[in-house]
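Please walk through this protein model with me, strand by strand and then charge by charge. Keep the structure open as you read.

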Amino acid sequence: MRLLEPRGCCHSDARRGKRLSLAIINGNDAGSVYRIEKPRVTVGRSGADLTINDTEASRQHAAIEVRDSVIILEDLGSTNGTLVDGDRIAGSVEISNQAEFQIGGTTIMLIVTEEG
């Protein structure tokens with residue numbers, strides 16, 4: 001498993017006492033884990049906080065935003081869309097622990113654990 005280095009820090013209610021991570025569970029980068037350390041994290045093919053090796057992903061494909069007590073997944077106008085439960089999302093949706101979403105051929109899971 002490869003742990004990707006975080007940038008910045010996040011201090012919202014959803015984050016307090018919790019560790020938020022994105023685990024790549026399918027695709028070229030399967031096994032990688034990215035710890036969310038700031039209120040907004042972008043995911044994409046290049047120039048993103050979490051860069052994935054997926055030609056079907058847009059450069060700036062999606063974002064995870066921690067707002068107070070909720071976590072939002074937002075599609076950033078990507079070409080191929082962002083899927084949750086196999087359905088393409090329009091705009092943004094709320095996600096929670098162990099939610100899976102797909103960007104191109106890459107499946108990512110949100111993991112929320114207690115700080116220890």
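**Strands and charges**

Glu-37 is buried, at 13% relative accessibility. Here buried means under 20% relative accessible area, exposed means over 50%, and partly exposed lies in between (1.4 Å probe, protein chains only). The side chain of Glu-37 meets that of Arg-35 in a salt bridge of 2.7 Å, N to O. A salt bridge is a side-chain nitrogen of Lys or Arg within 4 Å of a carboxyl oxygen of Asp or Glu. Arg-35 counts as partly exposed, at 21% relative accessibility.

Some ground rules come next. This is a predicted model, in which local features need pLDDT of at least 70 and side-chain atom pairs count only at pLDDT 80 or more, while totals for chains, interfaces and linings use all residues. Residues are numbered from 1 along each chain as its sequence is written, and side-chain values use heavy atoms, with hydrogens and water left out.

Now the strands. Strands (E, at least two residues) and helices (H or I, at least four) are DSSP runs, numbered from the N terminus. Two strands pair if DSSP finds at least two bridges between them. Start with strand E2, residues 18-26. E2 runs antiparallel to strand E12 (residues 106-114), and 8 bridges join the two. Within this pairing, Lys-18 stands opposite Glu-114. Arg-19 has Thr-113 as its bridge partner in E12.

E2 also pairs with strand E3 (residues 32-36). Those two run antiparallel, with 4 bridges. Leu-22 stands opposite Tyr-34 in E3. The hairpin of E2 and E3 has 5 residues between the strands, and there Gly-27 takes a positive phi near 120°.

E12 has a pairing with strand E11 (residues 100-103) as well. It is antiparallel and spans 4 bridges. Glu-100 stands opposite Met-109 in E12. The hairpin of E11 and E12 has 2 residues between the strands, and Gly-104 takes a positive phi near 60°.

Turn to the open sheet. Its 5 strands come in the order E5-E4-E6-E7-E10, and the pairing is mixed. Strand E5 (50-51) and strand E10 (92-95) stand at the edges, each with a single partner strand, so one side of each has no neighbour in the sheet. E5 runs parallel to strand E4 (residues 40-44), joined by 2 bridges. Leu-50 in E5 is the bridge partner of Val-43.

Back to the charges. Side chains of opposite charge can pair when their charged atoms come close. The count comes to 6 salt bridges. In one of them, Lys-18 and Glu-114 meet at 2.4 Å, N to O. That pair links distant parts of the chain: Lys-18 in E2 and Glu-114 in E12 are 96 residues apart. Lys-18 is partly exposed, at 26% relative accessibility. Glu-114 is exposed, with a relative accessible area of 54%.

Another salt bridge joins the side chains of Asp-49 and Lys-38, at 2.8 Å, N to O. Asp-49 lies in the loop between E4 and E5 and Lys-38 in the loop between E3 and E4, so the pair ties together parts that are 11 residues apart in sequence. Asp-49 is buried, with a relative accessible area of 13%. A network of salt bridges links Arg-40, Glu-65, Arg-67 and Glu-74.

Beyond its neighbours within four places in sequence, Asp-54 is in contact (heavy atoms within 4.5 Å) with residues including Asn-28, Ile-103 and Gly-104.

Asp-85 has a positive phi near 55° and is not a glycine. Asp-85 lies in the loop between strand E8 (82-84) and strand E9 (87-88), and is exposed at 71% relative accessibility. Gln-98, also not a glycine, has a positive phi of about 70°. Gln-98 is found in the loop between E10 and E11, and is exposed at 55% relative accessibility.
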